[in-house]
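Open the model in your viewer and keep the selection panel at hand. The tour goes stop by stop.

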Amino acid sequence: MENEISVVDAKERSRYEAVDAEGNLMGFVDYRLHPGVISFVHAETLPEFRGQGVAGRIATQSLDDARALGLRVKPLCPFYIDFLTDHTEYADLVKREGE
């Protein structure tokens with residue numbers, strides 16, 4: 001199943017989207033882009049795709065992209081806050097208060 005999930009940055013909608021092999025939307029995270037910072041504001045996996053690793057794939061792709069673009073990350077969404085707590089390999093991306 002994992003290889004059937006594609007994650008794309010739908011820039012025109014300011015969100016990352018996960019789609020399956022048929023192009024069906026599986027989940028997304030809305031973001032806001034500011035100079036040097038990306039804020040992740042709301043993540044959602046559609047009910048029929050929950051439990052399949054969709055949100056984790058979106059988070060990994062979006063955070064890898066943020067790193068590649070030299071962006072700091074401001075997690076506003078509870079899922080991203082928890083994901084970043086559990087995945088310390090992304091801790092260097094998190095924008096701290098006062099930065």
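Helices here are DSSP runs of H or I with at least four residues, numbered from the N terminus. The model is a predicted one.

**Stop 1: helix α2.** Select F79 and F83. Both sit in helix α2, 4 residues apart, about one turn of the helix. F79 is partly exposed, with a relative accessible area of 30%. F83 is buried, at 8%. Together with F79 and F83, they form one aromatic cluster.

Centre on V73. Leaving out residues up to four places away in sequence, V73 touches I38, F40, L63, A66, L84, L93, V94 and K95.

**Stop 2: aromatic pairs.** How many aromatic pairs does the structure hold? There are 5. One of them joins Y16 and Y31: a tilted pair, 5.7 Å centre to centre, with 50° between the planes. Y16 lies in strand β2 and Y31 in strand β3, so this pair ties together parts that are 15 residues apart in sequence. Is Y16 buried or exposed? Y16 is buried, with a relative accessible area of 3%. Y31 also counts as buried, at 9%.

Go back to F79 and F83. They form an aromatic pair too, and it is tilted: 5.9 Å between centres, 35° between the planes.

Stop 3: Select β1 (6–10) and β2. The two strands pair in the antiparallel sense over 5 bridges. A10 stands opposite R15 in β2. The hairpin has 4 residues between the strands. Pick S14 in that loop. S14 is not a glycine, yet its phi is positive, about 55°. S14 is partly exposed, with a relative accessible area of 31%.

Step on to R15 and show F28. R15 lies over the face of F28, at 4.3 Å from the ring centre.

**Stop 4: T45.** Finish in strand β4, where T45 lies. T45 is buried because its relative accessible area is 13%, and buried means under 20%. Show its contacts: beyond residues up to four places away in sequence, T45 touches M26, G27, R50, V54 and A55.

How values were computed: Residues are numbered from 1 along each chain as its sequence is written. This is a predicted model: local features need pLDDT of at least 70, side-chain atom pairs count only at pLDDT 80 or more; totals for chains, interfaces and linings use all residues. Side-chain values use heavy atoms; hydrogens and water are left out. Contact means heavy atoms within 4.5 Å. Buried means under 20% relative accessible area, exposed over 50%, partly exposed in between (1.4 Å probe, protein chains only). Two strands pair if DSSP finds at least two bridges between them. Rings of Phe, Tyr and Trp (its six-membered ring) pair if their centres lie within 6.5 Å; planes under 30 degrees apart count as stacked, over 60 as edge-to-face and the rest as tilted. A charge sits over a ring if NZ of Lys or CZ of Arg is within 6 Å of the ring centre and within 35 degrees of the ring normal.
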